[in-house]
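User: I'd like to learn how to read a model like this one. Could you walk me through it, feature by feature?

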Amino acid sequence: MTKTYIATAIPYVNGAPHVGHAMDFLIADTYRRFLLAQGDEVRLQAGTDEHGNKVFKKAEQEGVPVQQFVDKNAAQFKEFIHRLGVEYTDFIRTTDEDHIRRCQLIWKQLEPYIYKDTYEGWYCEGCEGFVTQTEYDANNGVCPDHQKPYIKLSEENYYLRLSDFTDRIKEAIETDEMRIVPESRKKEFLNLLADVADVSISRPSKQLSWGIPVPGDDTQVMYVWVDALANYITVLGFPEEDISDWWPAKVQVIGKDILRFHAGIWPAILLGVNLPLPHTLLTHGHITVDGAKMSKSVGNVIDPIEILDKHGTEPFRYYFLRHVPTTEDADFSWEKFESAYNELANDLGNLVQRLSTMCQKYSIAGQGLSAGQTSDNRYEDLMRNFEFSNAFNHVWSKIQDINKAIDDAKPWEIAKTGDQAKLQSTLSDMVKDLLSASQLLAPFLPETSKKIDDIFTAAKITPPATSLFPKA
RNA sequence: CGCGGGGUAGAGCAGCCUGGUAGCUCGUUUGGCUCAUAACCAAAAGGUCGUUGGUUCAAAUCCAACCCCCGCAACCA
């Protein structure tokens, strides 16, 4: 049995989950369910990134101990993932003991590529952080948040010598040994990779107290890179355990904003500890709201929990898996969501209703009925190529075909002729088609698929007490 | 001359790589049907495929130039 490992980016827990976070989980879960159906043994990791100044300060603001703060937020994310109908096998928090210890072991292994140097840059005392020269110029030397001039500050950092790996990484990306999906992002990143600089991977502990101590140097704490990126392998037990059954990951699902770290820094870390690179970095886009970028200052942030409360898991999955092209940006608006919900109710909900009603009326037994055709090449190609929204569309066309078939066959007229045998075979063919479609639908809408199976394989087919997707 | 993506019916998009009757979803109009959640099915209307030029028997598709929009430009899911 093929063992497959799927990894999702771990969200930073300085706030509540928003719609964007859902994409990682839904995409990974859909692929996981597809592979399970194909007979793979699948491990899906999820987790939370919990260190760093922003989390530390947020906890201070709320007046709670940091650990308590991250415990609360991690629980919130777990609950969120659960409500998306996503099932993970492993959940990692970067504050886990195991993770911290393994990170330090990884750091030790990376030491041949680590050196200490002085970082000098523009620093804002209000933000307690450095800004880039570009940002400095854009703000004319004054921090917009704190109205304080940036000061020149220097500090000691450990650096990872990325230049030791860039040739190797470039080659891996070009040859698709580590495939970046979609192709356009691959091109984009290869351009970026041309002028890559070594990356700072630690901070003085007096600047950054909430983090993993650098082994053998009390004055330094690991910055986000090693700490967060290593989660994908520490969760499997590396370096204390042999992870070769699961690693390299078949796919790592990430947002387009973090591609550069996953395609640039992450492979360097892996090469530094002699591990192979992930097979695929699947990059999804961002969700805009009413055509505008989501932002707290504009106040157009959509709370995914609100959508889930109002409409439930399956319509949520339907919208974000079918109407958001897997690797592209897409827009969310309540209007679009409502119209998608109507499609779901009209095409599928109504189909289940009308077909089950006829089966009941004309006494068609579900017992012994099963999916007719169980494999579909086009569907499998799309799924394997991570074109989930297109695969979903393909499944949907099958559902629409059944609606057409019913209108063509007109079972109610066959009933009038009294030809019970023909009625039986006509309707059971349709049920079989629906059960086939239901199988393909399962990775996207698992609960709905299960309901359909239950209804149409029952000894006595009866319409559901409440329709699958009721309309107000 | 920084890099990338895009400009196709009222809206949202596919088609472009590998030239050959311009397609899908929603919306609109008309018709059909009654098993069904006023749902479903069928048909129709609607496009100078950003602009200009080139290659070709033939260009949305290949080439060149230009115009417009949107991202990115190392620590924003």
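Analyst: We'll go through confidence, then the sheets, then the RNA surface. Keep in mind that this is a predicted model.

User: Fine. What does chain A average in pLDDT, and what are the ipTM?

Analyst: Chain A averages a pLDDT of 88, and 93% of the residues score at least 70. For the model, ipTM is 0.84 and pTM is 0.92.

User: On to sheets. How do strands of a sheet pair?

Analyst: The general idea is that they pair through backbone hydrogen bonds, in either a parallel or an antiparallel way.

User: Can you show me one pairing up close? How many bridges link β2 and β3?

Analyst: Four bridges, in the parallel sense, with β2 covering residues 41-48. To find the spot on screen, pick T48: its bridge partner in β3 is R93.

User: And where do I look for antiparallel pairing?

Analyst: Go to the open sheet of three strands, ordered β11-β13-β12, where the pairing is antiparallel. β11 (202-204) and β12 (213-214) each have a single partner strand, so one side of each has no neighbour in the sheet. Helix α4 (residues 97-110) packs on this sheet and touches β11, β12 and β13. The direction of α4 makes about 100 degrees with that of β13.

User: How many bridges hold those pairs?

Analyst: β11 and β13 pair over three bridges, while β12 and β13 (residues 217-222) pair over two. For landmarks, P204 stands opposite Q220 in β13, and P213 stands opposite V221 in β13.

User: What do β12 and β13 form together?

Analyst: They form a hairpin with two residues between them. In the turn, check G216, which has a positive phi of about 80 degrees.

User: Now the RNA. Which residues come nearest to RNA strand B?

Analyst: Of the 41 residues around RNA strand B, the nearest are V196, Y223, G349, N350 and R354. By class, that surface has 10 nonpolar, 15 polar and 16 charged residues.

User: Which parts of RNA strand B lie within 4 Å of the protein, sugar or phosphate or bases?

Analyst: Both: 59% of those atoms belong to sugar or phosphate, and the rest to bases. On N350, a side-chain N or O atom is 2.4 Å from a sugar or linking oxygen of RNA strand B. On R354, a side-chain N or O atom is 2.7 Å from a base nitrogen. I287 uses a backbone N or O atom instead, 3.2 Å from a base nitrogen of RNA strand B.

User: Which elements give two or more residues to that surface?

Analyst: They are α1 (19-37), α7 (183-193), α13 (334-361), α15 (388-409) and α16 (411-417). The largest share, 10 residues, comes from α13.

Terms used
Residues numbered from 1 in each chain as written. Chains lettered and ligands numbered in written order. Heavy atoms only, no water. Pairing = 2+ DSSP bridges. Contact = heavy atoms within 4.5 Å. Axes fitted to C-alpha atoms, helices over the stretch in contact; angles between N-to-C directions. Near = heavy atom within 4 Å. Polar contact = N/O pair within 3.5 Å; in protein donor to acceptor, adjacent residues only side chain to side chain. Nonpolar A, V, L, I, M, F, W, Y, C, P; charged D, E, K, R; others polar. pLDDT = per-residue confidence, 0-100.
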